[in-house]
Amino acid sequence: MKNIKIATIPGDGIGKEVVPAATEVLKAVSEVHGGLAFDFTDFPYSCEYYLEHGDMMPEDGLERLKDFDSIFLGAVGNVNLVPDHISLWGLLIKIRREFEQVINIRPAKVMSGVQSPLVNPNDFDLIVVRENSEGEYSSVGGRIYRGEDEIAIQNGIFSRKGTERAMRFAFELASNRKKHVTSATKSNGIYHSMPFWDEVFKDVSKDYPDITTDSQHIDALAAFFVTHPEKFDVIVASNLFGDILTDLGAGIMGSVGIAPAANINVNGKYPSMFEPVHGSAPDIIGKGIANPIGQIWTAKMMLDHFGEEELGTVLLDVIESTTHDRILTPDIGGKHTTREVTDEIIKRLKAK
Ligand SMILES: NC(=O)C1=CN([C@@H]2O[C@H](COP(=O)(O)OP(=O)(O)OC[C@H]3O[C@@H](n4cnc5c(N)ncnc54)[C@H](O)[C@@H]3O)[C@@H](O)[C@H]2O)C=CC1
Ligand SMILES: CC(=O)C(=O)O
Ligand SMILES: [K+]
Ligand SMILES: [Mn+2]
């Protein structure tokens, strides 16, 4: 029996609704498989935890998480309780950084039965490789003066190591796909970091002569995501550009509620973390209508990560069969609840 130890952190808002749903699905996956067991341990780290303890997680929080095989997180953020930059940096971004989850991979594709907001979208299937440890997500800078003379300085951090690492990851991924990598840049407007980004991209691409490349400014790239998403395969982007592009990727799929993501530790020193693209969705908390597919598809990425690709494919096929049959939550045009979609996925999995 293969036993996988998973730390679950539902976090805030609908994270508390979709993580339990996806955990139930994983339990069904384990039943179907027979030789695979998941051992879940739940951690209450959240904005409510902050109010009680003055921090998003205990001082030894990372110590408690580090020996798990992976972390399965929902979302972090409740601005009614804690400012976002405090809660996200105290939990989500802290784990990404301290556990050296330097790559964030986020696929987007046409899902059967889910109406894209694009009129007659061509069949797209792309994946964004987002640098996940530095870039524009930075705590370097400061604020001086108050009022009229106030100044805020925010520095972006682009190391050769980090930039190259994300790009190599993208090229490796592309070699098993359509052998094309697009670089998201903005070297016409950002004076230092983006010309540097372009140079590193050029250098790295020399090591992959069988992979074709192109480079697009992020503004144009955003427009192409809407007009011709089918033209893309692997896109490598900085932390913020990747963040924005993947909500856009989710948008053209039909909803941010179905988009999955994986924060990958590439050196094997710490667990990777699996959490969907979306946030805590404060506008729909407690209504029972959060789309669980983003979190469940994220569970599929976790299965892939553990070498269970066959099972991962079964799970994605089951997800897509339910959307195909229009068992949909309201965000993608249906009337079904989180519970109903989850139950349907579990039922179909068990029938496999
Ligand atoms: N990785 C994380 O933990 C993230 C956390 N956040 C945090 O979440 C909070 C809300 O952020 P927003 O910018 O509003 O982004 P959001 O992704 O939470 O919500 C944007 C819109 O998408 C909808 N939506 C999101 N997930 C959905 C789902 N599963 N099913 C149906 N509809 C869904 C929401 O109802 C809302 O209308 C903030 O505190 C923010 O900082 C935001 C993004 C990522
Ligand atoms: C915070 C956020 O939206 C992200 O890192 O994806
Ligand atoms: K999330
Ligand atoms: Mn985001």
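Helix H4 gives the most to the shell around ligand 1, with three residues; helices here are DSSP runs of H or I with at least four residues, strands are runs of E with at least two, and both are numbered from the N terminus. The model is a predicted one, in which local features need pLDDT of at least 70, side-chain atom pairs count only at pLDDT 80 or more, and totals for chains, interfaces and linings use all residues. Residues are numbered from 1 along each chain as its sequence is written, while chains are lettered from A and ligands numbered from 1 in the order in which they are written.

Of the 23 residues around ligand 1, those that come nearest are Gly-77, Gly-257, His-278, Gly-279 and Asn-291 (a residue is near if its C-beta atom, placed from the backbone, lies within 6 Å of the molecule). The shell comprises twelve nonpolar, seven polar and four charged residues, where Ala, Val, Leu, Ile, Met, Phe, Trp, Tyr, Cys and Pro count as nonpolar, Asp, Glu, Lys and Arg as charged, and the others, Gly among them, as polar.

The protein chain is divided into domain 1 (1–104 + 258–352) and domain 2 (116–253), with bounds from an automatic or database domain assignment. Their centres, taken over C-alpha atoms, are separated by 24 Å. Twelve residues from domain 1 and 16 residues from domain 2 take part in the contact (C-beta atoms, placed from the backbone, within 7 Å). On the side of domain 1 that touches domain 2, H4 (84–98) and strand S4 (103–109) each supply at least two residues, and H4 gives the most, with four. This side holds seven nonpolar, three polar and two charged residues.

Thr-338, Val-341, Thr-342, Ile-345 and Ile-346 of H11 are buried (20 or more other C-beta atoms within 10 Å of a residue's own; exposed means 12 or fewer, partly exposed in between, with C-beta atoms placed from the backbone). Seen down the axis, these buried residues fall within an arc of 130 degrees, so they line one face of H11; the arc is that of the directions from the helix axis to the C-beta atoms. They pack against helices H1 (15–33), H9 (293–305) and H10 (309–324), whereas Lys-347 and Lys-350, on the other side, are exposed.

Conventions
Contact = placed C-beta atoms within 7 Å.
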